[in-house]
Amino acid sequence: MSPAASDGDVPPRLAESAADDPDVRQWLTLLPAARAEAVARWDLRLSAPFVPGGSTAWVAPARTRDGVPVVLKVGMRHPEAEHEAAGLRVWDGHGAVRLLHDHVDQASTCLLLERCTPGTTLADRPEPVQDEVITALLCRAWQAPVPYGVFRPLADLNRQIADEAEYALGSEAGAAIEPSDASITRTAIAMLRETPGPRPEDVLLCTDLHHENVLAAEREPWLFIDPKPYLGDRAYDLTQHLLNCEQRLGADPHRLIGRISRLADVDASAVARWLFLRLATEQVAGGRLRGLARVLAP
């Protein structure tokens, strides 16, 4: 077995994830070999990883033999990120970081990516600016041709969310929430399990586009990274950004939903419905937005 990555070689978020998850700890023992193989395969000169980094991937700047600046991402294979490379290939740099090469083995996915310069995140900008940038990027992403048979339907993700929420309700955390909130969560679980299968109007979704997954670049002002593609209703894709705007969402959810929906030209009632489903299933874990599902309940 290859030696585990040294503590100094593991960015903070990945180290925290490994401390909590035995699967990530096991994968860290395989990381050095996967990384070395990628460096040799693409003839790279590697630098120290980005910090704080991701929770299931090791990501670092590098240069090719010809001196081209790139990024190497070596990620643990897990269902959520299974089609990242395929999605980037479909988007082909249109609002997204370009995929240059990829390689998958039994445990890891290695991606060689375009490097964004300066690479600062959208998180540094005020939230109203984030609204405009994220909705514009999503509108471009939704225009991509849909390759049926390649990507999973959103219904698959929703069944997984429903299963996890149902398990959480039976846990100690579930027993601690108000009975009325538990009832709302059960309603949301039933609704998620009724998500329809593929429809003609479905688009290729990012599903995890938020301010830390949008980077300043030279080729375009902003490019998104780290998509988790599914095929489904475009209104779903607006929920992650909304959930990250906790203060504005908590103060006036309908106003914020209306603004984001107008910017993306998406039906506000559909966005509100998806946001309710996410809030209702995530409230078991607590957080500052617990109880907001009541406001949006249909």
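**Helix packing and aromatic pairs**

Mentor: Helix α4 and helix α10 cross in a right-handed sense. Keep in mind that this is a predicted model.

Trainee: At what angle do α4 and α10 pack, and how far apart are their axes?

Mentor: The angle is about 40°, and the axes lie 9 Å apart. That makes the two helices oblique to each other, because roughly parallel would need an angle under 35 degrees.

Trainee: Which residues make the contact?

Mentor: From α4, Pro128, Asp131, Glu132, Thr135 and Cys139. On the α10 side they are Leu256, Arg259, Ile260, Leu263 and Ala264.

Trainee: Why would the numbers be spaced three or four places apart?

Mentor: An α-helix has 3.6 residues a turn, so residues at that spacing point the same way.

Trainee: Switching to α3. How many of its residues are buried?

Mentor: Six of the eight, so to speak of residues 84-91, the helix is mostly covered. The buried ones are Glu84, Ala85, Ala86, Gly87, Leu88 and Trp91.

Trainee: And what do those buried residues pack against?

Mentor: Several strands and a helix: β3 (69-76), β4 (99-104), β5 (108-114), β6 (203-205) and β8 (222-224), plus α4 (127-141).

Trainee: Aromatics next. How many aromatic pairs are there?

Mentor: The structure has two. In one of them, tryptophan 91 and phenylalanine 224 have ring centres 5.2 Å apart and planes at 85°, so they are edge-to-face.

Trainee: Where do tryptophan 91 and phenylalanine 224 lie?

Mentor: Tryptophan 91 is in helix α3 and phenylalanine 224 is in strand β8, so the pair ties together parts 133 residues apart in sequence.

Trainee: Are those two buried or exposed?

Mentor: Tryptophan 91 is buried at 2% relative accessible area, and phenylalanine 224 is buried at 0%.

Trainee: Which residues form the other pair?

Mentor: Tyrosine 236 and tryptophan 274, also edge-to-face, with 5.3 Å between centres and 90° between planes. Tyrosine 236 sits in the loop between β9 (230-232) and α8 (239-244), while tryptophan 274 belongs to helix α11 (residues 268-282), so this pair links parts 38 residues apart in sequence. Both residues are buried.

Trainee: What lies over the face of tryptophan 274?

Mentor: Arginine 273, at 5.6 Å from the ring centre. Elsewhere, arginine 35 has its charged end over the ring of tryptophan 58, 4.5 Å from the centre.

Methods. Residues numbered from 1 in each chain as written. Predicted model: local features only at pLDDT ≥ 70, side-chain atom pairs only at ≥ 80, totals over all residues. Heavy atoms only, no water. Buried < 20%, exposed > 50% of the residue type's maximum accessible area, 1.4 Å probe, protein only. Helix = DSSP H or I, 4+ residues; strand = E, 2+ residues; numbered from the N terminus. Contact = heavy atoms within 4.5 Å. Phe/Tyr/Trp six-rings, centres within 6.5 Å; stacked < 30°, edge-to-face > 60°. Lys NZ or Arg CZ within 6 Å of the ring centre and 35° of its normal. Axes fitted to C-alpha atoms, helices over the stretch in contact; angles between N-to-C directions. Parallel < 35°, antiparallel > 145°, perpendicular 65-115°, else oblique. Left-handed = near helix turned anticlockwise from the far one by under 90°.
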